[in-house]
Amino acid sequence: MSNKNQWEAVIGLEIHVQLSTNSKLFSGASTNFGAPPNTQACNVDLAMPGVLPVLNEEVLKMAVKLGIALNANINSPTSFARKNYFYPDSPKGYQISQMDNPIVEGGFLDIELEDGSVKRIGITRAHLEEDAGKSLHEDFEGQSGIDLNRAGTPLIEIVSEPEISSPEEAVAYLKSIHSIIRYLDISDGNMAEGSMRCDANVSVRKIGTAELGTRTETKNVNSFRFVEKAIHYEINRQINEIESGNRIIQETRLYDSQKNTTRPMRSKEFANDYRYFPEPDLLPVVLEDEFISSIKESMPELPNEKKIRFTEFYKLSEYDSSLLAADKDLADFFEEVVEESESPKLSANWIMGEFLAELNKEHLDISKSKVTSKQLGVLISRIEDSTISGKIAKEVFEKMWDSSKDADDIIRDQGLEQVTDLSEIEAMVEKVISENQDQLEKYLSGKDRLFGFFVGQVMKESQGKANPGQVNQILKQKLKK
Amino acid sequence: MSLSDKELKEIAYLARINVDEVSFPALKGELDQILGLFEKLNLANTDGIEAMSHPLNLSQPTRKDEVSEVNQREKLQENAPLVQSGLFLVPKVIEGEN
Amino acid sequence: MELNELTLKQQLDGLKDSSFSSTELTQDYLKRIKSKDPSINSYITVTEELALKQAKESDDRYDKGKALALDGIPIAHKDIFCTEDVLTTCGSKMLSNFKAPYSSTVVSKLFDEGVVMLGKTNMDEFAMGSSNETSYFGEVKNPWNLDYVPGGSSGGSAACVAARLASAATATDTGGSIRQPAALCGLTGIKPTYGRVSRYGMIAFASSLDQGGVLARTVEDAAILLTSMSGHDPKDSTSLNIDVPNYTEEIDNNIAGLKIGLPKEFFEQEIPDHVRKSTEEAIEVYKDLGAEIEEISFPNIDLSLPVYYVLAPAECSANLSRYDGVRYGFRCADPKNLEDLYMRTRDEGFGSEVKRRILIGTYALSAGYYDAYYLKAQKCRRLIANDFTEAFKSVDVILSPTTPGTAFKTGEKTNDPIDMYLQDIFTIPANLAGLPGISIPCGSHNGLPLGLQLVGNSLEEGKLLSAAHHFQKVTNWHRELPEL
């Protein structure tokens with residue numbers, strides 16, 4: 001790759017988010033995932049002659065929430081338009097979408113970059129539209145099978161300004177959106193299942209040029225990792241093309257995750273004249289001020305706000321706050337643990353450490369955790385009140401995970417309470433010292449490192465239950481003599 | 001106002017309607033006639049006039065987010081030209097939208 | 001007198017006082033359909049079994065004293081209304097084998113009032129036409145003279161009622177498709193305010209212009225049916241959520257002092273003498289009834305035809321995209337690939353008028369032309385609507401001939417699309433503005449009927465119906481029926 005530092009990339013992302021309503025955008029059919037083909041496609045979804053669309057009220061609430069979270073304007077009235085194209089998974093031969101006055105317009109999102117700095121990415125618009133059905137290509141000998149269960153599911157398409165400058169920034173932006181939609185409970189944002197889809201518009205230009213280069217649109221990227229790789233590939237491809245004297249063709253490309261390449265999609269040139277016009281079967285949607293302000297009032301705390309609160313109130317580090325606040329379920333879990341344990345720092349460490357490790361090991365979602373937030377909170381309290389040491393606590397946690405028993409029961413049943421009685425510890429220290437006279441002589445003659453040996457022996461004597469702080473203190477005293 | 005051959009071919013493709021060579025000239029003539037009607041529109045002064053998409057000056061009603069439709073696949077597929085395993089069959093789709 | 005010669009109102013009265021049964025009435029119609037319809041071709045599907053079943057159920061209800069509002073009245077539905085489990089073709093090859101899996105709201109509402117459905121009537125393909133010559137199921141003949149057209153697109157409904165092959169019929173009007181056939185067949189035809197009648201299940205041609213209505217022998221009959229057909233439907237977002245008056249009561253409202261506007265630009269058109277004469281005679285009748293006549297102006301009326309022929313094709317080009325041979329309807333044989341499936345299904349499944357309009361509509365919406373055509377037309381539409389608003393500041397109803405002449409001969413205008421489109425110059429403006437319009441018989445020329453049109457302000461069907469009803473109380477044009 002030659003002279004990369006002469007070039008800069010200009011990236012814009014179009015993210016399609018499937019809204020988690022019970023019924024479809026314009027019909028009363030169910031949106032449940034995984035039903036047998038065409039069992040959730042009613043006459044409206046099948047575009048039977050004479051059917052008409054009726055708007056689902058829930059999507060308006062969801063769209064307004066999103067607009068507020070994206071610091072954008074809510075347009076009222078907002079209207080629908082027909083986007084005309086022929087494809088078997090689009091039964092009407094047009095998609096009902098939004099053209100002129102989308103429900104959400106002109107916002108921004110502040111994203112955190114790897115170096116800790118914050119960059120503001122503009123959001124052009126977010127609009128409502130209906131999803132298409134699915135084509136299945138195997139098993140049908142030269143035919144494709146069309147399943148319209150998904151047709152009519154509500155989507156909101158979020159379009160960013162072309163202000164993203166690198167694959168890493170793109171992923172940060174994408175993760176931010178992902179976090180927000182889950183926080184707002186408007187979508188589960190599952191890229192693998194298709195409830196969040198990302199198309200990347202990429203162009204390059206020589207640094208210092210004002211004009212934008214020709215851009216391509218890359219589709220079929222269904223994970224954060226692939227988004228990064230696909231954009232990275234496309235930037236390099238474009239640079240190489242231009243440096244070889246070729247022009248970039250404005251086209252849609254598909255990402256191939258196996259080969260890590262993008263290739264052009266096969267479609268006719270003028271096939272993309274969508275001939276948008278206002279949807280005559282739907283009237284303009286008026287969103288009353290009261291409606292919008294009641295949603296504003298009931299907005300949940302958003303990831304950025306929560307992060308700031310965690311650093312200020314719980315005195316966590318920026319890194320810890322960031323990690324905990326990114327996922328709403330995790331953040332809630334953390335706060336529940338702290339409510340019980342009253343030790344934010346220790347709770348944060350345990351959650352980011354042992355707890356997440358167990359969840360990841362078993363590929364579990366936090367909702368399926370084998371230890372509740374209250375149980376973990378209690379365990380941490382026991383460390384804080386010196387009932388057990390941190391080390392023993394790890395054992396207890398594992399047993400809690402496997403048995404679902406409470407910390408106190410396990411500690412009691414297994415006799416794991418820390419020994420904190422000074423005279424008991426003194427007795428053990430004296431015992432260890434008396435049994436290890438050689439090491440004592442060596443230590444007293446200057447081998448300071450043997451202090452650790454004595455600590456270890458006392459811990460062993462106590463079966464790990466002696467309070468390490470107190471062992472250290474007493475040993476220091478006794479060994480000075 | 002007159003359609004060029006290229007334009008007619010393009011709109012026939014956009015509308016997915018096959019126009020065979022033989023019918024082409026006659027169709028083009030008929031369409032040109034209709035386009036002639038449109039000349040009058042250019043003469044109208046519409047400065048400051050808002051487009052009228054709906055005769056009604058009302059706003060869109062909404063419905064509750066409830067599942068109100070039951071599975072009627074059998075009935076709804078009775079008229080289907082080609083169905084297998086509950087899927088509508090079409091000649092193999094290569095790539096396209098979505 | 002035969003039962004089929006009675007008006008709907010007279011039939012309803014007769015059923016109520018047991019002068020005859022619904023079964024008798026229905027059988028009378030079925031018999032007459034068998035004997036007369038072959039020469040008229042007004043029906044695409046006759047639902048004999050269903051009709052007799054419904055008639056019997058109706059008779060049972062009458063016996064038990066549980067009769068519904070329209071119980072036992074045999075009507076026909078334009079084949080544009082989806083009727084569950086019954087062939088619904090829209091006059092097209094594309095749907096020639098389509099059994100609707102659900103019923104339109106209009107059909108359901110009328111069944112709920114106990115009507116008997118005799119069958120589905122013929123129509124111009126996908127409601128595009130003014131002569132009922134574009135139907136896949138053959139031309140419809142005007143019962144007044146079989147060499148002439150009945151008008152369109154609701155030609156089947158009009159011919160059927162005029163020939164007394166149904167008591168009344170439902171129909172639709174996008175640019176005049178109820179009023180024009182009413183005029184050419186000597187009937188009363190009403191297109192209500194846009195949004196008054198639900199469009200759910202009414203196969204779409206041009207969504208912002210289409211409206212369901214009635215073709216009947218008298219204003220009173222039309223009022224009866226319209227009352228039952230109208231009303232809010234949550235399945236249609238463009239349906240008005242406003243109570244429906246009982247139109248049968250409104251028709252008797254006093255019209256003394258009614259202000260009638262005569263659009264001077266309409267009367268400046270080149271119209272044949274016999275049309276001018278019958279209109280002037282009608283105006284005299286209204287003067288005698290106590291109405292005040294006033295000249296009004298529609299400065300933008302010239303734009304109506306171009307606006308309509310941009311907007312209606314544009315909307316229909318999208319509405320008809322669903323006909324692709326995938327989920328229902330006609331599919332071409334042995335499609336080689338997806339493109340071939342679409343291109344040949346649509347070329348073979350649609351008739352030429354439909355294809356012409358889809359292409360024009362596609363063109364008007366295409367990149368580069370959207371502003372000049374579609375957007376410009378929507379703005380001009382506003383100008384026309386404003387003309388009406390202005391006019392209704394000083395008048396109550398607007399009067400004109402319904403059509404620029406009597407029925408024309410079959411084949412006379414099929415080679416001249418523009419000439420055919422001119423049939424609708426008086427009717428189109430009301431659709432563009434979403435206003436109600438009615439046509440009633442007002443004369444005759446060479447044995448063919450002439451119609452008078454009244455257009456009212458939004459939701460003033462009552463005023464229209466009462467103006468029309470009073471006209472029918474003092475004239476006999478509507479009582480004349482063709483002999484077959």
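**Chain C and its two partners**

Across the interface of chain A and chain C, the rule finds one salt bridge.

Before going on, please keep in mind that this is a predicted model, in which local features need pLDDT of at least 70 and side-chain atom pairs count only at pLDDT 80 or more, while totals for chains, interfaces and linings use all residues. Residues are numbered from 1 along each chain as its sequence is written, chains are lettered from A and ligands numbered from 1 in the order in which they are written, and side-chain values use heavy atoms, with hydrogens and water left out.

Let me stay with chain A for a moment. Here 30 residues of chain A are in contact with 37 residues of chain C, contact meaning heavy atoms within 4.5 Å. The area buried between these two chains is about 2,700 Å², and carbon and sulfur atoms give 59% of that; buried area is the accessible area (1.4 Å probe) that two parts lose on being put together, summed over both. Pro49(A), Leu52(A) and Phe86(A) supply 22% of the area that chain A buries against chain C, more than any other three residues.

Now to chain B, where the contact takes 45 residues from chain B and 60 residues from chain C. The area buried between chain B and chain C is about 5,100 Å², of which 69% comes from carbon and sulfur atoms. On the side of chain B, Leu41(B), Met52(B) and Asn79(B) lose the most area to chain C, and together they make up 14% of what that side buries.

How many salt bridges does the rule find across the interface of chain B and chain C? There are four, and the side chains of Lys75(B) and Glu84(C) meet in a salt bridge at 2.4 Å, again taken from N to O.

Finally, a look at chain C itself, in which 69% of the 484 residues count as buried, that is, under 20% relative accessible area with a 1.4 Å probe, protein chains only. The C-alpha atoms of chain C fill a box of roughly 65 × 55 × 45 Å, taken along the principal axes. Among the contacts in chain C with a separation of 6 or more, 75% are between residues 24 or more positions apart.

How values were computed:
Buried means under 20% relative accessible area, exposed over 50%, partly exposed in between (1.4 Å probe, protein chains only).
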